[in-house]
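Please look at the sequence and the structure before reading on.

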Amino acid sequence: YGGVILFDSNLASAEQTKQLTTKLQNLSTQSPLLIGVDEEGGQVARMKGFVLPPPSEAAIGRTGDPKQAKQWAEKTAGKLKTMGFNLNLAPVADIGSANERSYSNDPATVSRFVNGSLNGYRTAHLLATLKHFPGLGKGQADTHVDEVVVDADRDTLLREDVKPFQEAMGQFPPEAFAVMVTHVRYPAFDKENPASLSKAIMTDLLRGKLHYQGIVM
């Protein structure tokens, strides 16, 4: 597989987006492309000029009803598929992230809503993405602009931040979702490398301990 992610600078209208994704697929002669977009909802949504974004994870979480996560995932997936996308870089499985990007501060609640969302994407036959492994909620800065270190101990990270990822892996087959790894450094797992460069996190923890065999980004 090859992959392409599109941003607002690439996307002018629904018709233009469909034409672009079709051209991209036609360029891939060996196998289908994964064509993805960040359509989380709330502040993190593309194509706002011509696609009504879903609510933020926090807004959905405040309903107290995981079926809302499923319904919004189905709606979002349906819209994306009409424009040629086959991958959404959502849902967020972090706990307590800023900017309304988490369903809850409670790991069990996040797990229920993440699983609801994955149910929706699977029903709609669109590949979802759990992010940001092994959990970005305890990070106190933006990895786009600064180094972020999470100093929580290993037991806390496994019990809290990793839990929604682990629960999803127990409920869904690996072909139902990809996992996006964060650039945060977690000394409890790896004293030197950020997660996105860490064998201890991507291989030993994600592939080994959690037995995940799907796509890792």
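Helices (H or I, at least four residues) and strands (E, at least two) are DSSP runs, numbered from the N terminus. Two strands pair if DSSP finds at least two bridges between them. The model is predicted: local features need pLDDT of at least 70, side-chain atom pairs count only at pLDDT 80 or more, and totals for chains, interfaces and linings use all residues. Residues are numbered from 1 along each chain as its sequence is written, and side-chain values use heavy atoms, without hydrogens and water.

**The sheet**

Three strands in the order β1-β2-β3 form an open sheet with parallel pairing. Because β1 (2–5) and β3 (87–88) are at the edges with a single partner strand each, one side of each has no neighbour in the sheet. Two bridges link β2 (residues 33–37) to β3 in the parallel sense. Opposite Asn88 in β3 stands Val37. Helix α1 (residues 14–27) packs on the sheet and touches β1 and β2, where contact means heavy atoms within 4.5 Å. The direction of α1 makes about 150 degrees with that of β2. Axes are lines fitted to C-alpha atoms, for helices over the stretch in contact, and angles run from 0 to 180 degrees between N-to-C directions.

**Two helices**

Helix α5 (residues 154–161) and helix α6 (residues 163–171) have axes that come within 5 Å and cross at roughly 50 degrees. The two helices are therefore oblique to each other; angles under 35 degrees count as roughly parallel, over 145 as roughly antiparallel, 65 to 115 as roughly perpendicular and the rest as oblique. Leu158, Arg159, Glu160 and Asp161 of α5 make the contact with Lys163, Pro164 and Phe165 of α6. That contact has three nonpolar, no polar and four charged residues. Ala, Val, Leu, Ile, Met, Phe, Trp, Tyr, Cys and Pro count as nonpolar, Asp, Glu, Lys and Arg as charged, and the others, Gly among them, as polar.

**Backbone geometry**

Most residues other than glycine have a negative phi, and most peptide bonds are trans. His125, which is not a glycine, has a positive phi of about 60 degrees and lies in the loop between α4 (107–124) and β4.
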